[in-house]
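Have a look at the sequence and the model below. The report after them starts with a question and then walks through a few spots, one by one.

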Amino acid sequence: MLIRLAVWLLCLNALAFPQRPRFVEHRIQNLHGERFAGYALGPRTLTAWGDRVVQWEIPSGKMRVRVKRAPDGFGEGGCLLDTGALVLNEGPPTRALIWLDASTWQRHVIDTGVDAADILPATLFGRNGILLIHRGAQVRFYEIPADPAQPWPRTEVYTFYTPSEQGGLGMADVDGDGIPDILAGNDWIKAPTSFELPWHLFAIELWNEEQKSALLREKLVNGAQNLVAVQRSVPRARLAWFEKPADPKQLWIEHRLEGALELNQVNSLQVADFDSDGRLDLLIAERAGAGRLIVFHNAGSGKFEPRVIASGLGIDHAFVTDWNGDGRPDVVTIRKDAISWWESVPLPSVTAR
């Protein structure tokens, strides 16, 4: 009877305190000096670009080369459209913004002289296109024309006048008026009531002391009630979550998370419930310094507990996806020597007999 009671208590404890998984690395592709500047995740594909454009099937890992070699290479900015087509930003001298047809992978120029590390698909007032931040200073919208092979109409949404370049881009209804707003760097940009009217800028926080201070990775969570942000291009990067005040036009309430970790050039920030406790955890990856892959487990009440999954990696990109379809969030990393799938493996649990 006592043994059964002890086993029951152990099971109850496991339910009350979900176990944190371990991560097992599987190499998808060894790399030999090849540069991958950016990536996009489709329903069953991983697309990466840099010196060329390559796609991997999920979960088989079978690779297909879509663009063998780009003369000027591709920069970090790019996105996958619903049609499967790809928008990319080529390097100098032209810095062309291009559209690659999903069926032929033929190159078509959208615009030239573009320098954008942040690009995402967007719909503004029924108009389908892409948003980007040009040179860390201008939010632009390019509308997809009836013939996407032709130049795309461009609209300047907002121009920043701050000491720092702005980085990090998203869309959400921040103020609850039913119209999606734009998240860009330190700020959110309130949408007007129609496409032709001006947008209005409001600061979330003031990380703008230096030129790279406002280059961020950021995620709006909990129905746009909170923002998680990390500086992506500086040593000793700040990581924090921000609580939206009753009036979102005021500065948001900052809660710092990095503690004594001294994060270095964090180019990846993702959110997922890794331990199935109903709370969103944070995934962080460093390009420099210790080169760590870190999960900040959400302990509730605004507290996060960091756990280093691996170090010495120097990760260019890390993101969350259920690679093998088992219902658990896995991690994929892109670094200079390999693309890897980090399988989330649950720890053994006690079962009653």
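## A quick question to start

Is Arg236 buried, partly exposed or exposed? Arg236 is exposed, with a relative accessible area of 65%. On this scale buried means under 20% relative accessible area, exposed over 50%, and partly exposed in between, using a 1.4 Å probe and protein chains only.

Before going on, a word on what you're looking at. This is a predicted model, where local features need pLDDT of at least 70 and side-chain atom pairs count only at pLDDT 80 or more, while totals for chains, interfaces and linings use all residues. Residues are numbered from 1 along each chain as its sequence is written, and side-chain values use heavy atoms, with hydrogens and water left out.

## Salt bridges

Arg236 has a charged partner: it forms a salt bridge with Glu262, and the closest N and O atoms are 3.8 Å apart. The pair links distant parts of the chain, 26 residues apart. Arg236 sits in the loop between strand 19 (226-231) and strand 20 (239-243), and Glu262 in the loop between strand 21 (253-256) and strand 22 (266-272). Glu262 is partly exposed, at 47% relative accessible area. To count as a salt bridge, a side-chain nitrogen of Lys or Arg must lie within 4 Å of a carboxyl oxygen of Asp or Glu.

By this rule the count comes to 30 salt bridges. Another one joins Arg64 and Glu57, with the closest N and O atoms 2.3 Å apart. Arg64 counts as partly exposed at 33% relative accessibility, and Glu57 is partly exposed too, at 27%. There's also a network of salt bridges that links Glu25, Arg27, Arg335 and Asp337.

## Lys190 and its surroundings

Now zoom in on Lys190, which lies in strand 16 (residues 187-190). Strands here are DSSP runs of E with at least two residues, while helices are runs of H or I with at least four, and both are numbered from the N terminus. Lys190 forms a salt bridge with Asp175, the closest N and O atoms being 2.5 Å apart. Asp175 lies in the loop between strand 14 and strand 15 (181-184), so the pair ties together parts that are 15 residues apart in sequence. Asp175 itself is partly exposed, with a relative accessible area of 25%.

The side chains of Lys190 and Asp177 are joined by a polar contact of 3.0 Å. A polar contact is a pair of N or O atoms within 3.5 Å; within protein, one must be able to donate a hydrogen and the other to accept it, and residues adjacent in sequence count only if both atoms are side-chain atoms. Leaving aside residues up to four places away in sequence, Lys190 touches several others, including Asp181, Trp199, His200 and Lys249. Contact here means heavy atoms within 4.5 Å.

Two strands pair if DSSP finds at least two bridges between them. Strand 16 and strand 17 pair over 4 bridges, and the bridge partner of Trp188 in strand 17 is Phe202.

## A hairpin elsewhere

Strand 8 (residues 97-100) and strand 9 (residues 107-111) run antiparallel, joined by 4 bridges. Leu97 has Asp111 in strand 9 as its bridge partner. The hairpin has 6 residues between the strands, and Trp105 takes a positive phi near 60°.
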